[in-house]
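Visitor: Could you walk me through this structure? I want to know what stands behind each label.

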Amino acid sequence: MRLAPALALLVLLPRAALAAPPTPPCGGQVPVPAYAPAASAPAVATWSAAELHGVALAPCLGWTGESRLIVAVAATFRSTLTADQLLQRLAAVSAYPSVKYWSATRQAWRPLASQAAVLATPDGTATRSDPSADDLKVGREITYTEHGELAVTTHRLRVVELSADRVMVTVENTRPIRILVVTAFEPGALQLATFIDRAGPDLWNLYEITRVGAASSAMTADHRASYANRLDAIRRYLADLPTDRDPPLMPR
């Protein structure tokens, strides 16, 4: 009988109060979702606007305001690359057309972009080669463009942390993303953070989290599988695995 009040309280609590919030590995925090073991499929978690309402996100992300959707992927992978080399690989956006993700909408493997390049000028009229190691220091930013199937997008990549054992990078769109006549994302409404932490000799933990902010169209929150599959494509790319290997992380 003593359990009845507690059970009644659980029924009345909103789901957001019961579910663990998205937790990146900042300041020694245990990540949510937790890292999946090496050679296993990544752990993936998603949170809706209702689950995120009023939830304070980790300060290290620098994300404020309400969110429509958050998707996070946590994995462990093996690589002989150093942290600097993994960062350089991540920032080599010209390779993105060769990186495949599973489009849950089209039910097919598709490239992350048909074209991608670092912008050499603020107006985007000229491009340059991928960033060198000297370009990728803490506090440095690069702006790059991607040509997708439905839109051309512009993003800013910022190196937040870099050491022999840790990398943190954030990315956000710097211009509106329009699909046909609809503005899908206002500037800064599509955000991504990537954490790479050494877990042992030639072993790395990877945590990727993407956020659809409130300054976006309602339709943008309907494609959580594609967001997760894009994150998994980057994981496979960093781990030097075939990016179109079946099965996809989230088929639908």
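Predicted model: local features only at pLDDT ≥ 70, side-chain atom pairs only at ≥ 80, totals over all residues.

Visitor: What makes a residue part of the lining of the second largest pocket?

Guide: A lining residue has an atom within 4 Å of a pocket point. By that rule, 19 residues line this pocket. Ala-39, Ser-40, Arg-235, Leu-241 and Arg-245 lie nearest its centre. The volume is about 360 Å³.

Visitor: How do the residues of that lining divide into nonpolar, polar and charged?

Guide: There are 11 nonpolar, 2 polar and 6 charged residues. Arg counts as charged, so Arg-235 and Arg-245, both near the centre, belong in the charged class.

Visitor: What is the volume of the largest pocket?

Guide: About 1,200 Å³. Its lining has 41 residues. Tyr-101, Phe-185, Leu-190, Tyr-227 and Arg-230 are the ones nearest the centre.

Visitor: Where does helix H5 pack?

Guide: First, the sheet. Its 9 strands run in the order E1-E2-E13-E12-E9-E8-E7-E5-E6, and the pairing is antiparallel. The sheet is open. Strands E1 (43–48) and E6 (127–128) are the edges, as each pairs on one side only. Helix H5 (residues 224–238) packs on this sheet. It touches E1, E2 (67–78), E12 (190–200) and E13 (203–213). Contact calls for heavy atoms within 4.5 Å. The direction of H5 makes about 25° with that of E2.

Visitor: How do you know that strands E8 and E9 pair?

Guide: Count the bridges. Two strands pair if there are at least two bridges between them. E8 (residues 152–162) and E9 (residues 166–173) have 7, so they pair, in the antiparallel sense. One example is Leu-157, whose bridge partner in E9 is Val-171.

Visitor: Why is the link between Cys-26 and Cys-60 called a disulfide?

Guide: The test is two cysteine sulfur atoms within 2.5 Å. Here the sulfur atoms are 1.8 Å apart, so the pair passes. The structure holds 1 disulfide.

Visitor: What does this pair tie together?

Guide: Cys-26 lies in the loop between helix H2 (15–18) and E1. Cys-60 lies in the loop between helix H3 (49–52) and E2. The pair therefore ties together parts that are 34 residues apart in sequence.

Technical notes:
Residues numbered from 1 in each chain as written. Heavy atoms only, no water. Helix = DSSP H or I, 4+ residues; strand = E, 2+ residues; numbered from the N terminus. Axes fitted to C-alpha atoms, helices over the stretch in contact; angles between N-to-C directions. 1 Å grid on protein atoms, 1.4 Å probe; cavity = no way out; pocket = protein on both sides within 12 Å on 5 of 7 lines; lining within 4 Å. Points joined across faces, edges and corners; volume = space filled by probe spheres on them.
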